[in-house]
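This report covers the fold of a single chain, its nonpolar cores and some of its helices. The sequence and the structure are shown first.

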Amino acid sequence: MPRSTQLAGSTSTENGAYHALLARHDAMRLRRRMLSPEGGAGARRAAGEAYDGAADQRVIRAHLGLVGPFEELITQLYEVLFTRHPALRGLFPGEMAFQEAHLAQAFRYLLDHLDRPEEIAETFTRLGRDHRKLGVRPAQYAAFEEALRAALRVRAGGRGEAGLEEAWVRMVRFGVTAMVRGAEAALHEPPFWRATVTEHQLVGDDLAVLRVVPHETFRYEAGQYTDLESSSLPHTWRPYYLAGEPDAAGAVELHVRCTGPGGVSEALVHRTAVGDEVRLGPPKGNLTLGEEPAGDLRLVAWDTGWAAMKALLQEVDRRTRTSPGHGVRRVRLFLGAPDVAGLYDTEYLAGLERRRPWLSVVPVTGGAPGGEGYGRLAAAVTRAAAPPGGRVLLSGPPAMVRAVGASLARAGVAGEDVRHDLLPTGAESGHAATGAVPA
């Protein structure tokens with residue numbers, strides 16, 4: 001057996017054993033929590049104590065040039081962490097560049113929001129739920145804090161005011177406390193769902209439509225996405241929208257565009273076959289319809305952002321058939337691509353449009369992907385913006401979301417009527433010690 005295959009098998013076995021131990025640990029923690037007289041109220045009170053983040057914000061910003069830039073501080077931090085705790089290295093992706101950039105983004109988010117600690121608490125509580133899939137535990141957060149202190153000392157070289165290190169630690173600890181709280185609140189659900197690939201269809205050279213069957217019940221709402229890990233690339237996750245309702249066998253559909261070599265998308269498109277196993281993280285996202293009547297809808301998608309819209313159209317169809325008067329009145333779908341060849345799943349969509357009088361489809365092609373390249377799509381959507389009370393839902397690359405969102409804002413569409421998720425493209429999300437911060 002080739003050495004690389006042996007190592008992959010060993011890593012997979014060790015990873016499975018580690019997560020099995022975590023599952024047992026979570027079960028015991030959940031039982032203790034349910035039997036506790038306070039039901040976890042003490043932990044909630046501790047996490048909600050007043051925090052003067054604005055004071056720490058002033059101290060950290062005043063000395064940022066001393067310990068920064070963030071990228072160099074983080075490189076030093078991980079060097080200390082892996083030297084002192086070598087066993088933790090195996091829980092991180094092999095390539096650390098994206099992980100380090102991700103942590104820099106988290107630091108910037110914390111620092112920018114320190115004067116609004118309630119926003120940090122809300123965001124990082126959600127992240128704690130999501131980060132259970134990575135196997136992060138409070139003891140590992142403690143090791144991270146220890147490494148942060150050491151890195152700050154090296155960078156500062158004895159300079160700066162005495163409270164600088166403590167300000168940094170309080171900032172990170174505040175976010176971590178919220179993450180632990182979020183993880184504790186999610187103990188009733190699995191940290192991730194194992195799933196088997198039952199269908200893998202290539203569409204062109206770099207797009208695959210996959211159907212996977214979770215091994216346990218996987219509930220989600222139309223318009224949500226999940227982070228996905230390939231068994232051939234442990235500890236590296238990438239978000240994908242869930243395309244439609246599960247079929248009779250429980251299979252869910254995912255659309256994957258290969259964005260470059262070596263990442264999750266490349267593994268799923270070119271190195272995945274029927275019978276392979278993947279993992280799904282907890283479903284999440286801002287594109288769900290909610291329970292209230294939806295009114296008129298404008299759905300805007302670019303490329304594989306169509307997956308979210310496919311799910312939403314199925315949900316609209318279900319509501320229209322089962323609850324007349326409580327569904328949408330009209331739906332207009334704007335489907336963008338660089339050229340006609342970039343449009344896919346068109347037979348399904350054309351059939352749905354023929355059968356459902358409430359749906360109209362506007363294909364928009366032309367323009368290379370990028371901020372300027374989305375101008376034609378933005379113009380088409382703005383000309384047909386939803387009337388007051390209607391909503392506009394956007395799914396696609398962040399640059400498309402920003403371009404269309406800005407165009408709608410200039411046209412006077414209220415911000416609360418526009419919903420989106422800024423999912424990364426062209427980069428793979430790995431294990432993040434303090435969390436992935438949504439844009």
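At what angle do helix α13 and helix α14 pack, and how far apart are their axes? In this predicted model, α13 (residues 375-383) packs against α14 (residues 398-410) at an angle of about 40°, and their axes lie 9 Å apart. The α13 and α14 crossing is right-handed. On the α13 side the contact is made by L377, A378, V381 and T382, which meet M400, A403, V404, S407 and L408 of α14. By type, the residues of this contact comprise 7 nonpolar and 2 polar, with no charged residue.

Helix α14 also contains R402. R402 counts as exposed because its relative accessibility is 51%, and the cut-off for exposed is over 50%. From R402 to H420 the separation is 18 residues in sequence, and their C-alpha atoms are 9.6 Å apart in space.

Helix α12 (residues 346-355) can be described by its two sides. Its buried residues are L349, G351 and L352. These residues lie on the same side of α12 because they cover an arc of only 160° around the axis. E347 and R354 are exposed on the other side of α12.

The chain as a whole has 439 residues, of which 51% are buried. Its secondary structure consists of 14 helices and 12 strands. Of the contacts between residues at least 6 apart in sequence, 78% join residues at least 24 apart.

The nonpolar cores come next. The largest nonpolar core contains 47 residues. Within this core, the residues with the most contacts are L77, Y78, L81, F107, F124, W168 and M171. Two or more residues of the core come from each of the elements α3 (53-62), α4 (64-67), α5 (70-84), α6 (97-112), α7 (117-130), α8 (138-156) and α9 (164-185).

| Core | Size | Residues named |
|---|---|---|
| Largest nonpolar core | 47 residues | L77, Y78, L81, F107, F124, W168 and M171 (most contacts inside it) |

Which residues of α12 are buried, and which are exposed? L349, G351 and L352 are buried, whereas E347 and R354 are exposed.

Definitions and conventions. Residues numbered from 1 in each chain as written. Predicted model: local features only at pLDDT ≥ 70, side-chain atom pairs only at ≥ 80, totals over all residues. Heavy atoms only, no water. Axes fitted to C-alpha atoms, helices over the stretch in contact; angles between N-to-C directions. Helix = DSSP H or I, 4+ residues; strand = E, 2+ residues; numbered from the N terminus. Left-handed = near helix turned anticlockwise from the far one by under 90°. Contact = heavy atoms within 4.5 Å. Nonpolar A, V, L, I, M, F, W, Y, C, P; charged D, E, K, R; others polar. Core = buried A, V, L, I, M, F, W, Y, C linked by side-chain atoms within 4.5 Å. Buried < 20%, exposed > 50% of the residue type's maximum accessible area, 1.4 Å probe, protein only. Arc of directions from axis to C-beta.
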